[in-house]
Every structure is written in C-alpha cells, then in structure tokens.
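Hi,

Here is the structure I promised to pass on.

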Amino acid sequence: MPRRLRHHLTEFSVRTVQEEGWGSYENGDLLDLAEQRFDVLVTADRRMQFQQNFTGRRIAVIVLVTPRLRFEELSRGLEQLRTAIATIRSGEIVQLKV
C-alpha cells in the first residue's frame, strides 16, 4: 500500500508491513502476526482469500481491487475504505473495488 494513504486515514491506527518488520513473511504467517496486533488488515493481494484458511480468524481483511496500486487510484475510494474499516466484522473478508 502507498504510505501516503495513512495520512488520509488518521482516525485509524495505520502501520505498514515494512514498519512492523514483517516484509519477509508469507501470507499465513503475516496473518498470524497481524491478528495479534490489529483488527483489520488491508491488502491488495486478491489471492490471499483463496490461499489461506480464514476459519476461526479474528482479524478482518479488506482486499482492495484496483487496476493500479497507486495513491492516485486508491484516493478515489477513501470514503469507501473508511466505511469498510469502520463496519467490517471480525473474521470477515470484503473485496472493495476502488
């Protein structure tokens, strides 16, 4: 995710995988780590929901579906993203087209 996105989501605690030092972890391990510290994971990895077992997971996942992972593209969907983060329930996986 573009780091600039965090400046437009100030009502949430936003951290990147790199900031957490989790850049070398695969999706399953990444989910395990994130679930210990966060309520929601926002990703652009559309394959994650098909590659991982989400049964019993507490963390909610928002998958951004976008033609390009650039701030200019993502900023058009900021209100949708805010709403999704605020309303998603534990263990849910939601695809958000931006």
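Leaving out neighbours up to four places away in sequence, Arg57 is in contact (heavy atoms within 4.5 Å) with Gly28, Leu31, Asp32, Glu35, Ser90 and Gly91. Arg57 itself sits in the loop between α3 (48-51) and β2 (60-65). Is Arg57 buried or exposed? Buried, with a relative accessible area of 15% (buried means under 20%, exposed over 50%, partly exposed in between, with a 1.4 Å probe and protein chains only).

Before you go further: this is a predicted model, where local features need pLDDT of at least 70 and side-chain atom pairs count only at pLDDT 80 or more, while totals for chains, interfaces and linings use all residues. Residues are numbered from 1 along each chain as its sequence is written, and side-chain values use heavy atoms, with hydrogens and water left out.

Next, take a look at Ala84, which is in helix α5 (residues 78-87). Ala84 is buried too, at 12% relative accessible area. Setting aside residues up to four places away in sequence, Ala84 touches Ile62 and Leu96. Ile62 is 22 residues from Ala84 along the chain, yet their C-alpha atoms are separated by 7.5 Å.

Now the whole chain. You'll find five helices and three strands, in the order α-α-β-α-β-α-α-β. The radius of gyration is 13 Å, close to the 13 Å that the globule rule gives for 98 residues, so the chain is as compact as a globular protein of that length. (That radius is taken over C-alpha atoms, and the rule is 2.2 Å times the number of residues to the power 0.38. Helices are DSSP runs of H or I with at least four residues, strands are runs of E with at least two, and both are numbered from the N terminus.) Along its principal axes, the C-alpha trace spans about 30 × 25 × 25 Å.

Of the 98 residues, 39% count as buried. And among contacts between residues at least 6 apart in sequence, 53% join residues at least 24 apart.

Cheers
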